[in-house]
Amino acid sequence: MFIKRSLDAQLHLCLLLLLLVFALPDIISVARGDVGTASHYSPPYQPTECYGGDPSQFPSSNLFAAAGDGVWDNGAACGRQYLVRCISASQSGTCIPERTIQIKIVDYALSSSSAAAASKQSVTGATLVLSQTAFGAIANSSMASINIEFQQV
């Protein structure tokens, strides 16, 4: 009787460990992103700090952004790709649930000479300043700013 209970307990422990091994990556991946804010800006989107007036810099999806200071990394952010999703906003119902987009960094949000200059942004000081298309893909575009989770790809 003792041996049978011991085997049952060991079997349950093994099953629990297997469940954790296979489920843990999914649980951990939720916590990999950084949290910040996003605003948006409107066309024209050129020139940019990263690529000047080159029109081929923009992805065909129009999902791109200007980087704020926390992401800019002295220009190293140019061309980086990020997964971005809206997590909250000042008005409920703003975020499009379960929508994640992939954007490309093409500009510096704090540059005075680029198309993403502060005077064109819906809110200054954001972590990412998204193109109108990118912002509208994850949130109600009538909002000036949202809270986001983002992760470099």
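Reply: In this predicted model, the protein chain exposes about 8,800 Å², and carbon and sulfur atoms supply 58% of that area. Of its 153 residues, 36% count as buried. The chain has 3 helices and 6 strands, arranged along the sequence as α-β-β-α-β-β-β-α-β. Among contacts between residues at least 6 apart in sequence, 75% join residues at least 24 apart.

The part to look at is K104, which sits in strand β4, residues 100-108. K104 is buried, yet it has no salt bridge. Leaving aside neighbours within four places in sequence, the residues in contact with K104 include Y51, Q57, P59, L63 and F64. A65, G79, R80 and Q81 are also in contact with K104.

One of these contacts, R80, does have a charged partner: its side chain meets that of D73 in a salt bridge, 2.9 Å from N to O. D73 is partly exposed, with a relative accessible area of 45%. A search of the whole structure finds 2 salt bridges. E149 and R85 also form one, with their closest N and O atoms 2.7 Å apart. E149 lies in strand β6 and R85 in strand β3, so this pair ties together parts that are 64 residues apart in sequence. E149 is buried, with a relative accessible area of 16%, whereas R85 is partly exposed at 32%.

Next comes the nonpolar interior. In soluble globular proteins, nonpolar side chains tend to be buried together. Here the largest nonpolar core has 26 residues, of which V84, I103, L128, L130 and I138 touch the most other members. Strand β4 is among the elements that give two or more residues to this core; others include β3 (81-88), β5 (128-131) and α3 (132-138). A second, separate core of 10 residues includes Y41, A66, A116 and V129. L130 is in contact with I103, F135 and I138, and also with Y41, F64 and A65, among others. F64 and A65 are also in contact with K104.

Conventions
Residues numbered from 1 in each chain as written. Predicted model: local features only at pLDDT ≥ 70, side-chain atom pairs only at ≥ 80, totals over all residues. Heavy atoms only, no water. Helix = DSSP H or I, 4+ residues; strand = E, 2+ residues; numbered from the N terminus. Buried < 20%, exposed > 50% of the residue type's maximum accessible area, 1.4 Å probe, protein only. Contact = heavy atoms within 4.5 Å. Areas by Shrake-Rupley, 256 points an atom, 1.4 Å probe, with all protein chains shown as cover. Lys, Arg positive; Asp, Glu negative; His and termini not counted. Salt bridge = Lys/Arg side-chain N within 4 Å of Asp/Glu carboxyl O. Core = buried A, V, L, I, M, F, W, Y, C linked by side-chain atoms within 4.5 Å.
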